[in-house]
Amino acid sequence: MKPLTILILCTPLIAGCSKTESVHNPPAEPVDPTASNAGIQQPSQDVPITMPKSPNAEDYKEPQITGRLSTNIKDAEGKKLTRCEYRYLSKSGDFLSVFVDFTGATKLNVIEKKGPDAEPTVHPKSQSAHVDSKYLDTLLHKLDTYGHQSGPLMWLEAPERPNWADDDSTTWIIMTYQDVQFIVSSRQQLPEHRYKGFNAVYTYLTSFVPGFNRKMRQNIGEPAPDIIRSVHGKDVRLVPGTGNTVLDGAEIDYGDKLWWIEEELVGTFESTPQSLEITKQNTEAGIPISASMHIRNDGNFTLTIDKTEYIGSLSPERLYNSWMTAWIKEKTEQSQKELAEKGQFDYGTTIHLSYDGESDDPDVAPQNMYNRLIIRIEGEPYVQGRGYTPSQTIYINRK
């Protein structure tokens, strides 16, 4: 089959360009990320344009036009979303592409480069999970149920910011609806909820890529004002665009520091007569459950509940006003080998941890509130022949 030849239309980042128009483009030249232009590489007028393809080893730069380019939202009506890419490029040469392709069997990859001369790293998607194109399409249109917050596809006509060349990086969202391509970028004058829009697309797509550090730290357009809150007696920065309207669940940015060290979680906790009594009062069957837990500096830990031994890892992500999250697996030769090879679990049975800040016990509250840890393990529904597994809430004291 011959490549599909498509007419190239106006760039999406030029102020006042609200309709599709034919544009004469000179031969493409290498693009300088610091140059004052829209950040879109224009192919020559007479070169056939093929449909979108995955980035290759030479394509770690600004996005190329690979379809009929439009800033008119009506051009997406009646068409299916066939490709979506989140692309990041810094002046220092750091590159990140997160793209999903629905034109055949769904493909999803994360490609990153730490610097212009670094080798690219490719993170493929999980084989057990699938991106929902309809959900992603909805997310591109609106970010909330009622459509009060528009999605990236609705920001096409936003003009360029006159000072975007001062930015340290550019981030794009490239959306393809069959033969029509739409592009928005951090170089435009985007609405205040731009962080939520870019972050929603980024976190949804990367949630299907195991083992990838999903922190989205770059500015989107004008640098956002710092969001500072107090956690564990220290001021911390929250990542813009994450969490709900009151910031519950927002990602905490500890920078290069490890949150479990900052929140003094490293150490040994175990059952005491007092904690066993509290555990008994919070257990469905009213039976005390003994436990011990040793958390190391690398975020991995050992956990013993009654006589069952587990090994586990704390989640690298820490959320504001939320319980700490960790994954555990029963301690076996296989699970120990897996942890040794990977360095950290990124799945398993989920448990939640919290300090007991509401205890009346003088040994742990209020001045010593970080001396008692609560472990919460969700129950499992009824299964024929096995019954159901009740939830567990276990209290242990710092040794």
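The briefing below describes the structure topic by topic.

This is a predicted model, in which local features need pLDDT of at least 70 and side-chain atom pairs count only at pLDDT 80 or more, while totals for chains, interfaces and linings use all residues. Residues are numbered from 1 along each chain as its sequence is written, and side-chain values use heavy atoms, with hydrogens and water left out.

**Overall fold**

- The protein chain contains five helices and 20 strands; these are DSSP runs numbered from the N terminus, with helices (H or I) of at least four residues and strands (E) of at least two.
- Of the 399 residues in the protein chain, 46% are buried. Buried means under 20% relative accessible area, exposed means over 50%, and partly exposed lies in between (1.4 Å probe, protein chains only).
- Among contacts in the protein chain with a separation of 6 or more, 56% join residues 24 or more positions apart; a contact means heavy atoms within 4.5 Å.

**Nonpolar cores**

- A nonpolar core is a set of buried Ala, Val, Leu, Ile, Met, Phe, Trp, Tyr and Cys residues joined through side-chain atoms within 4.5 Å. In soluble globular proteins, nonpolar side chains tend to be buried together.
- The largest nonpolar core has 40 residues, of which Leu 140, Ile 173, Met 175 and Leu 205 touch the most other members.
- Elements that each supply at least two residues of this core include strand E3 (95-101), strand E4 (107-113), helix H1 (133-141) and helix H2 (194-206). Helix H2 gives the most, with seven residues.
- Leaving aside residues up to four places away in sequence, Leu 205 touches Cys 84, Val 98, Val 100, Leu 108, Val 131 and Leu 136.

**Salt bridges**

- The structure holds 16 salt bridges, each being a side-chain nitrogen of Lys or Arg within 4 Å of a carboxyl oxygen of Asp or Glu. Side chains of opposite charge can pair when their charged atoms come close.
- Lys 79 and Asp 179 form a salt bridge whose closest N and O atoms are 3.2 Å apart. This pair links distant parts of the chain, 100 residues apart: Lys 79 is in the loop between strand E1 (68-69) and strand E2 (81-90), and Asp 179 is in the loop between strand E6 (169-177) and strand E7 (180-185).
- Lys 79 counts as partly exposed because its relative accessibility is 26%. Asp 179 is also partly exposed, at 26%.
- Arg 68, Asp 75, Lys 79 and Asp 179 are linked in a network of salt bridges.
- Arg 372 and Asp 356 meet in a salt bridge at 3.8 Å, N to O, and both residues are buried.
- Asp 298 and Arg 296 form a salt bridge at 3.7 Å, N to O. Asp 298 is partly exposed at 39% relative accessibility, and Arg 296 is partly exposed at 32%.

**Largest pocket**

- On a 1 Å grid over the protein atoms alone, a pocket is an open set of points where a 1.4 Å probe fits, with protein on both sides within 12 Å along at least five of seven lines; lining residues have an atom within 4 Å of a point.
- The largest pocket has a volume of about 940 Å³, a volume being the space filled by probe spheres set on the points.
- This pocket is lined by 34 residues, and the closest to its centre are Phe 212, Ser 315, Pro 316, Glu 317 and Trp 327.
- The largest share of the lining, three residues, comes from strand E15.
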